[in-house]
Every structure is written in C-alpha cells, then in structure tokens.
Amino acid sequence: MVGLIVAIPGAAGAATAAPAAARSTAPTAAAAPDIPVANVKAHLSQLQSIATANGGNRAHGRPGYRASLDYIKGKLDAAGFTTTVQQFTTSGATGYNLIADWPGGDPNQILMAGAHLDSVGAGPGINDNGSGSAAVLETALAVSRAAVKPAKHLRFGWWGAEELGMRGSQYYVGRLAATERSKFSGYLNFDMVGSPNPGYFVYDDDRAIESVFKDYYASVNIPTEIETEGDGRSDHAPFKNVGIAVGGLFSGADYTKTAAQAQKWGGTAGQPFDRCYHRSCDTSANINDTALDRNSDAVAHAVWTLGVGSTTPPGGTVFENTDDVPIPDAGAAVSSSVTVSGRTGNAPAALKVGVDIKHTYRGDLAIDLVGPSGRTYRLKNSSGSDSAANVITTYTVDASAETADGTWQLRVQDLGPQDTGYIDSWKLTF
C-alpha cells in the first residue's frame, strides 16, 4: 500500500502524517471462562473459618485480617503471580495491602481489578467484602489456569482498612508516581457482589467500562441499574480522584429494595439488599449463590474484555500509522492519516480506534476520528481537571455510516497552555 499525505477537511494549516500499510492480526485471546461458583464459595468458606478462629472478624489490625491476606497470597503465589505485601499504619494499627501481578502484557497499559479484604469488627464480613475478594481471587486464578498472554498488564489488589475510610487503597494510590498513574488503563472495583436480596448495580464513572458490564448483563438477560448507594465510598474513589478510569459492580447493602426492583430481579421488596450489612450475621449463610455466580462471571468478562484482548481485537485487520506527529502547545489541530483499502462495504458499528499519544497533560487534548466522508467522531473532550499524562487507550466508534475504504484521520488539538506532546501511533482494527 502506498502512503498518501491528505489534508484534514476544514482544518487549514493542520499538520499531517503519511498513512502506513495494513497488517493482519491473529486472534489473541479466547472468550472469558465461566467462573465456577463452587470455587468462589470455597474461598468464602475459608474466610469464614479464618474469622471464626480469630474472634469472629477479619478487621483491620486484627489477626483475622492478616490470616485472610496470607490465604489469598498463598493461592496466588502457587498460581505463578508476583505478589507484594504493602504495609501501612492507620488508627494505631498496622494494615496491609496485597498486590498481585501476572507476567506479561504491555507495561504501559495496566488493567487492575481489586476488592477490600477487611471486615468490620462486628462480624466476619463474608458478603462485605469476602464476596468481592473471592470473585477477584478466582478470576486471577482463572487467568493462571488459562495461561493467559494478555495484551495489557494485569494487576489484582486486595485492600486493607477500607472500612476505616479506604485507607489501604488511598495509601497505594498516594504512592504511585505520576508516570505510574498514567499507565493505568482502568481500575475495576468489586465491593459486595453476593448480597442475599440482590440488585445488579453498575458503576457509571467511565462510559467504556460501564458498557462492558452492561453488555455482559444484557447478554444474559439481566437488567441493571446505575450504582448510587456506595458512590465514592469504596476503593475506586482514590483511583478516580487521580484521573484513573474506574468501574465496578455492587449487589446492594442497607438500602431497601423497591417493588419495581423486586419485580425485575426477584427477592423481597421492602427489605434491605443485605439485612446483615456490617453485622455479626454477615456469615457464609449471608450469600445469594446466583448473584455471586453472575457477578463473578462478570468480573472475568470485564478482565478478559478490557485487559486480555482489548489492545488487538481478535481476528481483525489492522491499519496503523506509527509516524510521530508533534502536537503544538495551545495551537492548531494536527492529524495523522491511515488509508484503508481492500475492504468491502461500510466500516463496522464497533470500529476499534487504538490511540497512543504522549503528552504531559492529557486534559488539554481534544481528540477526533475523521472518516473518509469528512464526518467527525469525537473520541475525547478536553478537561481541565484531568492532569494525568498520556492517552493510551482503545476507543470504540460506530462508523457504520462510513465506507470502510478511504483515508481516515486522527485529529488532535491541544487547547491549553504550557504542556506538549506528540501522536506516537494510532490504528484502526476492522
């Protein structure tokens, strides 16, 4: 394929880069596995036994918490993860986070899934939050069983002292350098996923992550609602506060299930989603197996969709431009072009647009895809509150109104002063 330099329609004086040739890619990942709910329940049984042997709880600063962490760490070490125990102090006691990294994947694109491991002092905390901890653990073990070679680097975390105000996750995020924060493509949080009178709630903090969960539940005919009860009250909040995209699931705590919710989800209207929330009765008997099963499968689906094969979607043909294009500070828009040929018909309704832009303040950037027709598809708005560096992600665009063949452009404009960068590369996957 011969490269062409093409001007952006309606953007006089904008810089351009020549398009590069297409390359075919083989499938990189299988579909997410079904997570055996019996395995998840076995982890909950172990956490219950640990609590029973240690004063009835697994709270911060208590021996039951450290025993819980040691149980999960042992499983991960045996499965081939690299584990790190991070120590911190809060409320006069030593706390611990557990971090587990799976080898491989792009180190500049980290997908992390996590859950808080501590209970309150009043009880064993099997739904809150043994359920999320066990679902994340079994998903990590499924990664090992499948010998996954992920596109992104997969990281898993279990947080201490969440019940005291997200102290463990705050400690972890607070010690990430800005360059490390910029490598996170997303953080997924799972706090209570087995409530006995369950709802199916999805975080709406990041549209792309939210759609992954919603699409999964739609595929199994489960309606969802936006999560509001725990908004900002769990371990996703510290990540969100530093500009990392977050998402997650929740099955409900002490809010009351409405008649409309009971009609679509089953269960009992007029009763809390979890009547044992923060109580001594939050034991292994306080779990809805169906909710635990569905939500555990959704955890795996999100990890596989967003981390295992999302950088290069399976079976696609990639058209890529790797020429660097400088982005002037607070200047005119620049573009990089890709010429697509050999395709018949229109572009897909889920066209993947992979973007790698190096920039010291990504909030300054507005990014558009420009189709062969000249139509503009907004990928990213500028934001004065997004101070992280770099835009390294994959967008999904409904480009079905465009013919596939033709010249496509990535248009980028820096709308703020003092920071600079460049388009490193970008690609279209059909």
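Me: Is M192 buried or exposed?
Reply: M192 counts as buried because its relative accessibility is 2%. Buried means under 20% relative accessible area, exposed means over 50%, and partly exposed is in between (1.4 Å probe, protein chains only).

Me: What kind of model is this?
Reply: This is a predicted model, in which local features need pLDDT of at least 70 and side-chain atom pairs count only at pLDDT 80 or more, while totals for chains, interfaces and linings use all residues. Residues are numbered from 1 along each chain as its sequence is written, and side-chain values use heavy atoms, with hydrogens and water left out.

Me: Back to M192. Where is it?
Reply: M192 sits in the loop between β6 (184–190) and β7 (201–202). Helices (H or I, at least four residues) and strands (E, at least two) are DSSP runs, numbered from the N terminus.

Me: What about the phi of M192?
Reply: The phi of M192 is positive, about 75°, although M192 is not a glycine. Most residues other than glycine have a negative phi.

Me: Which loop holds M166?
Reply: M166 is in the loop between β5 (152–159) and α4 (167–174). M166 is not a glycine, yet its phi is positive, near 60°. M166 also counts as buried, because its relative accessibility is 13%.

Me: Which sense is the peptide bond from D128 to N129, cis or trans?
Reply: The bond from D128 to N129 is cis, with omega near 5°. Most peptide bonds are trans. N129 belongs to helix α3.

Me: How many residues of α3 are buried?
Reply: In helix α3 (residues 126–145), 19 of 20 residues are buried, so the helix is mostly covered. A147 follows α3 and has a positive phi near 50°.

Me: New topic, the sheet. What is the strand order?
Reply: The order is β2-β3-β5-β4-β6-β9-β7-β8, in an open sheet of 8 strands with mixed pairing. The edge strands, β2 (82–90) and β8 (225–226), each pair on one side only. Two strands pair if DSSP finds at least two bridges between them.

Me: In which sense do β4 and β5 pair, parallel or antiparallel?
Reply: Strand β4 (residues 106–116) and β5 are parallel, over 8 bridges. L111 has L154 in β5 as its bridge partner. Strands of a sheet pair through backbone hydrogen bonds.

Me: What does G186 touch?
Reply: Leaving out residues up to four places away in sequence, G186 touches I110, L111, M112, I209, I244 and A245. A contact means heavy atoms within 4.5 Å.

Me: What is the radius of gyration?
Reply: The radius of gyration of the protein chain is 23 Å, which agrees with a compact globule because 430 residues would give one near 22 Å. The radius is taken over C-alpha atoms, and the globule rule is 2.2 Å times the number of residues to the power 0.38. Along its principal axes the C-alpha trace spans about 70 × 45 × 40 Å.
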